[in-house]
Amino acid sequence: MPDSVTTALAPVNLLLNGLTIKPGEQVLTRLVISRLPSGTVIDIPVHVFRSQQPGPTVLLMAGMHGDEVNGIETIRRLIRRDMLQPLRGTIIAIPILNIYGFLNFSREVPDGKDVNRSFPGNPRGSLASRVAHRFMREIMPLIDYGIDFHTGGATRANIPQIRCLLQQDAETDALAAAFCAPFTLHAALRPGSLREAAMQLEKRIIVFETGESLRLDENGIDEAIAGTFRLLQHLGMVAEAALPARPSVVCMRSSWLRARYAGLFRSHVHLGDYVEKGQVYGTVSDPYGERSVRLEAPVAGYIIGLNHMPVVNQGDALVHVGRTDVTPTRLDLAAPYDEKPALPTDAEPDEEEDELDGEDELNHGE
């Protein structure tokens, strides 16, 4: 393990959910969260894999949003294939955190709140807040590092990518470099997010994104497994890991390009393509064959996110452009794109603006 990364040693005995887990043990325990109105208990399965040798404790977690299945499948395969046997330290694997959302094919819990905007949580708060609080009480004190697996939103696919706070923390930079996803994005910390809560406790968690919700992305799952092993090798927890096919493309900024007109969207680009400024990347047409508008990119960069929904309204996010340039543009002044954007205003865009309004977004899907 490189000297540049400082890791805490795993305790001799690990205390979790009332259990004492000794070095060398492999345990499945269940954190009880609440009950459904029917009385059915809702609990979160937690897998713990411990080595006899001391070392760091790494969290692998998915299903923060219940409809994001690629991370769930990634951890399921790692467990099923018996791949989580560390040479040193401890691996804690949680395939699904938001059981409620998973059962309902939903991003949120039943009260409509987002668990990843509810940290550090409250034991007497909303359901999402209670899930976050239980995690903070039981899991967070045990870990040193973590990978939080996510997926793009409904109909919006992400190319395999790591999102983290870049060039501000050497340990985080080292984790992202070790994972070496096809793309690495600088992502500011969002209030109420798991990453923010972890950073406040001086623990490092990076986010892996791939595909779209409720759709398996085999290439992205393969990238997730390979990157996870590279990170574990970096920490001295596994002996071997596959080399990345190519260096990661680092994007310090990104911009969502949005529909200025409603209609039928047809993309001329694919995930991973590079577009030049002014390049036509798609069209929006009315459904009656009377009008079609060519969409020109106001910035250059890589297509790291793509909306697969052909029917779009004004303001819908169409493509996510990862930018390697360092010169600020008008798009940098816009507010971040969220899963639930603010209600539109009555103001019409200036006719001299680009055909699409762009907004920076480094955390969509997380």
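Helix H6 has 17 residues, and from first C-alpha to last it reaches 24 Å, close to the 24 Å expected at 1.5 Å a residue (the expected span is 1.5 Å times one less than the number of residues). Helices here are DSSP runs of H or I with at least four residues, strands are runs of E with at least two, and both are numbered from the N terminus. Keep in mind that this is a predicted model, where local features need pLDDT of at least 70, side-chain atom pairs count only at pLDDT 80 or more, and totals for chains, interfaces and linings use all residues. Residues are numbered from 1 along each chain as its sequence is written, and side-chain values use heavy atoms, with hydrogens and water left out.

Back to H6. Twelve of its 17 residues are buried, so the helix is mostly covered; buried means under 20% relative accessible area, exposed means over 50%, and partly exposed is in between, with a 1.4 Å probe and protein chains only. Among the buried ones are Ile221, Ala224, Ile225, Phe229 and Leu232, but Glu223, Arg230 and His234 are on the list too. Just after the helix, Gly236 takes a positive phi of about 75°.

The buried set is Glu171, Thr172, Ala174, Leu175, Ala176, Ala178 and Phe179. After H4 comes Cys180, with a positive phi near 55°.

Now for a sheet. Four strands make an open sheet in the order S16-S15-S13-S18, with antiparallel pairing. S16 (292-296) and S18 are the edge strands, each pairing on one side only. Two strands count as paired if DSSP finds at least two bridges between them. In general, strands of a sheet pair through backbone hydrogen bonds, either parallel or antiparallel.

Walk across it from S16. Five bridges join S16 to S15, running antiparallel, and Gly282 stands opposite Leu295 of S16. The hairpin of these two strands has six residues between them, and Gly289 takes a positive phi near 75° there. S15 itself (residues 280-285) has five of its six residues buried, so it is largely enclosed by the rest of the structure.

Val311 sits in S18 (residues 311-312) and is exposed, with a relative accessible area of 52%. Together with Leu264 and Met309, Val311 forms a nonpolar surface patch of about 240 Å² of accessible area. Areas come from the Shrake-Rupley method with a 1.4 Å probe, and for residues only the protein chains shown count as cover. Patch members have over 30% relative accessible area and no salt bridge, with like charges joined within 9 Å and nonpolar side chains (Val, Leu, Ile, Met, Phe, Trp, Tyr) within 5 Å. A salt bridge, for the record, is a side-chain nitrogen of Lys or Arg within 4 Å of a carboxyl oxygen of Asp or Glu.

Zooming out, the chain holds six helices and 20 strands, and 54% of its 366 residues count as buried. Of the contacts (heavy atoms within 4.5 Å) with a separation of 6 or more, 71% involve residues 24 or more positions apart. The accessible surface comes to about 16,200 Å², with 52% of it belonging to carbon and sulfur atoms.
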